[in-house]
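Try each task before you read its solution.

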Amino acid sequence: MRVVGTIVLLVALAGTTAVSVVALPFYGDDPGSPALPLLTLALWGLFAAAAWCVFGVRGRAGVVLVLVGTAVIGAAALAGPPNTSTDSARYAWDGIVQNAGISPYDYVPADPALRELRPEWLFPSPTLEDGKATCPGAKIMKFEELGTGEVICSAINRLPVPTIYPPLAELTFAGVRALVPVTAEFWPMQVLGLLGMLGVTALLVVLLRRRGLDPRWAALWGWCPLVATEAVTNSHIDILGALLLVVATALVASGRDWRGGIALGAAIGTKLIPVIGAPALLRGRPVPVIVAAVATFAVLYVPYVIASGIEVVGYLPGYLSEEGYGTGDRFVLLSPYLPGLSGLVAAGILLLVVAVLVWRLADPADPWLGQLVMIGATLAIVAPRYPWYALLVVPMVVMTRRWEWLAIPAALSVRLLIYGAQPVRLAMTVAIVVVVIGTVRRADPQTRALWKSLVNRPIATLFPRRTVAAEK
């Protein structure tokens with residue numbers, strides 16, 4: 001019955017995933033529509049039920065269900081084009097430009113020098129309405145070509161600015177686009193995302209078995225709605241960074257520090273964000289890890305620095321300013337109490353404290369918990385607008401079996417799909433409470449007693465109990 005129940009839930013999960021991709025419009029079509037948020041909530045509910053059910057399936061059948069379920073859900077996520085992000089349009093453009101022999105850091109997409117490279121599916125022709133040029137469709141944005149002022153319609157966001165992506169991401173974009181014709185639209189990167197999703201699932205199954213743990217925990221990655229949506233449908237390159245960080249952590253845990261450092265450097269060279277995985281890997285032999293990571297990162301940048309010089313910095317400074325990190329306005333939990341730069345300073349101090357604690361307390365032979373705390377705490381403090389950043393934390397949830405930390409990715413999904421600061425603030429607060437409660441419940445009796453005393457002491461100070469003797 002558990003096998004049948006799991007299969008039914010997986011079919012429902014895959015079907016709902018396909019519906020969310022095909023039947024619903026791009027989220028920008030109707031910002032106030034509750035359809036996509038409600039369907040996302042249903043996906044998380046089905047995911048929780050399926051994951052609970054598979055733990056009742058014993059033996060090899062459970063592992064087979066995990067792997068097959070990952071493939072089915074991932075295939076369902078291929079049902080349509082990206083539905084909550086246009087980042088993959090920039091991926092395709094950067095690959096097309098590189099395959100034409102041009103560095104992606106040299107020109108912005110709105111530069112007329114690249115006019116001949118623009119495919120129709122990325123740059124549809126504008127239409128005239130009442131004598132004015134317009135760009136129909138939620139995914140198509142209107143810009144002006146540099147120098148000429150002509151109207152350009154494009155699926156690429158931030159058309160007048162250079163690319164932001166690091167070198168390994170750019171090499172990946174070029175490699176994928178070299179295998180398909182220019183007319184191929186979004187599916188090449190989506191297929192790469194599916195392969196990454198399957199690869200991480202298989203790797204987690206292997207790593208769990210080597211540690212003597214239940215491989216069915218890999219379902220928390222392979223069946224997670226966030227993974228299907230952001231790794232496959234929206235095909236974010238963060239999936240490659242997550243895969244490389246898992247490889248780096250596994251290598252360092254097994255004593256292969258040089259190789260682990262190479263994988264860490266490659267992960268950072270994919271999206272920069274995986275650098276937050278470094279503290280947990282530096283407890284044992286930090287020098288090989290640091291040297292290998294820095295060398296790998298530098299080597300990846302060499303051909304682009306030769307071609308473009310300082311321009312390889314791309315749009316990173318502008319992006320950080322645009323997102324409000326320079327002023328502290330982007331920290332949804334801190335900004336109401338610490339507005340402006342004070343929020344930025346507070347976030348920096350909190351991140352530094354967490355990083356030092358993780359570095360000092362992480363087990364060199366078992367750094368997975370340190371990774372979970374570092375990445376999860378960073379996501380909670382920074383609270384980015386983009387839930388795909390949480391692809392880094394889901395594998396760490398699997399390897400530590402601390403499922404309560406999935407509340408963090410779920411809360412970030414709320415930030416993308418529901419407009420307004422208050423819902424996001426509430427969702428992230430609830431997520432942190434869930435993580436704290438789960439952590440306390442998992443602690444040994446002595447630690448739980450310490451937590452209880454820390455909570456009860458200020459309560460007792462504020463509200464002292466009146467005893468019979470005191471009343472007399």
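Buried means under 20% relative accessible area, exposed means over 50%, and partly exposed lies in between (1.4 Å probe, protein chains only). Helices are DSSP runs of H or I with at least four residues, numbered from the N terminus. This is a predicted model: local features need pLDDT of at least 70, side-chain atom pairs count only at pLDDT 80 or more, and totals for chains, interfaces and linings use all residues. Residues are numbered from 1 along each chain as its sequence is written, and side-chain values use heavy atoms, without hydrogens and water.

**Exercise 1.** Find how many residues of helix H16 are buried, and what covers them.

Step 1: H16 spans residues 407-417, and nine of its eleven residues are buried.
Step 2: Among them are Ile408, Leu412, Arg415 and Leu416.
Step 3: The cover includes helices H2 (35-54), H8 (225-233), H14 (368-382), H15 (394-400) and H17 (421-442).

**Exercise 2.** Classify the packing of H1 and H3.

Step 1: H1 (residues 2-22) and H3 (residues 60-76) pack at about 20°, with axes 8 Å apart. Axes are lines fitted to C-alpha atoms over the stretch in contact, and angles run from 0 to 180 degrees between N-to-C directions.
Step 2: Angles under 35 degrees count as roughly parallel. H1 and H3 are therefore roughly parallel.
Step 3: Leu10 and Leu13 are among the H1 residues that meet H3, whose side includes Leu65 and Val72. Contact means heavy atoms within 4.5 Å.

**Exercise 3.** Is His236 buried or exposed?

Step 1: Locate His236 in the loop between H8 and H9 (238-253).
Step 2: His236 has 0% relative accessibility, so it counts as buried.
Step 3: Not counting residues up to four places away in sequence, His236 touches Ser85, Asp87, Tyr91, Glu230, Ala231 and Trp388.

Notes:
Helices (H or I, at least four residues) and strands (E, at least two) are DSSP runs, numbered from the N terminus. Angles under 35 degrees count as roughly parallel, over 145 as roughly antiparallel, 65 to 115 as roughly perpendicular and the rest as oblique.
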